[in-house]
Amino acid sequence: MNGENFSLSEKVVSASYIRQGSQARRSHEQLIRRLLEQGKCPEEGWSESTIELFLSELAVMDSNNFLGNCGVGEREGRVASSLVARRHYRLIHGIGRSGDIAAIQPKAAGSSLLNKLTNSVVLDVLKLSGVRSVASCFVVPMATGMSLTLCFLTLRHRRPKARYIVWPRIDQKSCFKAMITAGFEPVVIQNLLEGDELRTDLGAVEQKIQELGPENILCVHSTTSCFAPRVPDRLEELATMCAKYDVPHIVNNAYGVQASKCMHLIQQGARVGRIDAFVQSLDKNFMVPVGGAIIAGFDETFIQEISRMYPGRASASPSLDVLITLLALGASGYKKLLSERKDMYSLLAQELKALASSHGERLLHTPHNPVSLAMSLDALQARGNTALTQLGSMLFTRQVSGARVVPLGAEQTVSGHLFRGFMSHSESYPCPYLNAASAIGITREDVALSIKRLDKCLRSLKKGGRRPPPHGGATAGGRRPVLK
């Protein structure tokens, strides 16, 4: 209520009680005012009541919620189900206009304000996560792969002669298909084996740039977050190389926001060389539903150019989800999650190393990967690929999600390109292995249970048999994990 309504309320209820209510209301409004003034993630998280009040006030600014509104157009924010309307807090119009996802929507001042504030808050979080010099970003209602495609399509207008994208290999289908979908020919650069780690072959990248001609290359497409034993690309060296040859550089930072090492690589790469844009997933970094990503960069003009490439209006759901989450967590809450994730990484590494040793295996030495770990499976391989695939299916039926069993010699064709040693990021990695990751939100209970269940599965396979799955469920015999 406004001041006049509070005054009128004093005629109905004791003035002292109304003043208390008014003061309580002002405490909510002060938080909202600070957000509007600063455009930053609040240091301390908001209560649900403050968030809901804020969203309600945004919603009444949209035309579909005007009292007495009479719509005669084809898109008037009409919703048949009240359940759907409540799910979206009655913010129905989406974001942007037909020609620009970042444009203000005349029918939806509240949704437009939501969009602008979300991008501003997310920019602040990217800075506090380590990329201090990032200039601009926007939330796009597409997952990482399609968001990378949007970046490539935007570069097409700047480099109309370009045909190739130079890509240090990472075995994740969406990364590869993003380039194919945009209409470019990926030039796959095999990784170098250094100890247990698979690292960027800088010499091969530079040789390809010289061989193909810089003007024929759309960009170098590098990666920060990846499954061990693959480790983040050598971003500083690649960025320097891209600056030297005047070749754009797009970074797939899918789940890198949660890892300070990945964010440091991006910051340093931009400082010493060239990074045009970096893309990260909302669900992997902020624990919201799948379907959104953040496109960010150091040149505001280029990031705006990418946003204008998005055709039509867009769903506001990813923006709404991440804004609610960050307002609830606050900067301190998010930083606490990042710190806890690091602690859980150390715990997982310790427990996985002990487990590997007890089974005659070893934890692969991959210090440059801050999220993912890998444990050798040589003893299991000695019994053939069937035992490896059995382990994958046994873990799955025992509700250990996210673990990947990677056998030797797997082949898969993706969009016409044959990958040998698929899932291992290498044509001939020396041993099979199992992946596990310490991602944001992981708990001690997750680590303890996964290690316990993995131990039981390995012991069962050593005995030469498979116990029935828990709760009487059927096993997925022969199931081989496939990258998404």
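## Lysine 284 and its surroundings

Leaving aside neighbours within four places in sequence, lysine 284 is in contact with Ala254, Tyr255, Gln258 and Ile440. The model described here is predicted. Lysine 284 sits in helix H11, which covers residues 282-286. Its relative accessible area is 32%, so lysine 284 is partly exposed.

An unreviewed UniProt entry lists Lys284 under "modified residue: N6-(pyridoxal phosphate)lysine".

## Salt bridges within helix H2

The whole structure holds 17 salt bridges. One of them joins the side chains of arginine 25 and glutamate 29, with an N to O distance of 2.9 Å. Both residues belong to helix H2 (residues 15-38), where they are four residues apart, about one turn of the helix.

Arginine 25 counts as buried because its relative accessibility is 18%, under the 20% cut-off. Glutamate 29, at 32% relative accessibility, counts as partly exposed. A network of salt bridges links Arg25, Glu29 and Glu57.

## A link between helices H8 and H9

Glutamate 206 and lysine 244 form another salt bridge, their closest N and O atoms being 3.0 Å apart. This pair links distant parts of the chain: glutamate 206 is in helix H8 (residues 202-212) and lysine 244 is in helix H9 (residues 235-245), 38 residues apart.

Glutamate 206 has a relative accessible area of 22% and is partly exposed. Lysine 244 has a relative accessibility of 58%, so it counts as exposed.

## Glutamate 411 and arginine 420

A salt bridge also forms between glutamate 411 and arginine 420, where the closest N and O atoms are 3.8 Å apart. Arginine 420 counts as partly exposed, at 41% relative accessibility.

Technical notes:
Residues numbered from 1 in each chain as written. Predicted model: local features only at pLDDT ≥ 70, side-chain atom pairs only at ≥ 80, totals over all residues. Heavy atoms only, no water. UniProt positions renumbered as here; feature names shortened; annotations may be inferred. Helix = DSSP H or I, 4+ residues; strand = E, 2+ residues; numbered from the N terminus. Buried < 20%, exposed > 50% of the residue type's maximum accessible area, 1.4 Å probe, protein only. Contact = heavy atoms within 4.5 Å. Salt bridge = Lys/Arg side-chain N within 4 Å of Asp/Glu carboxyl O.
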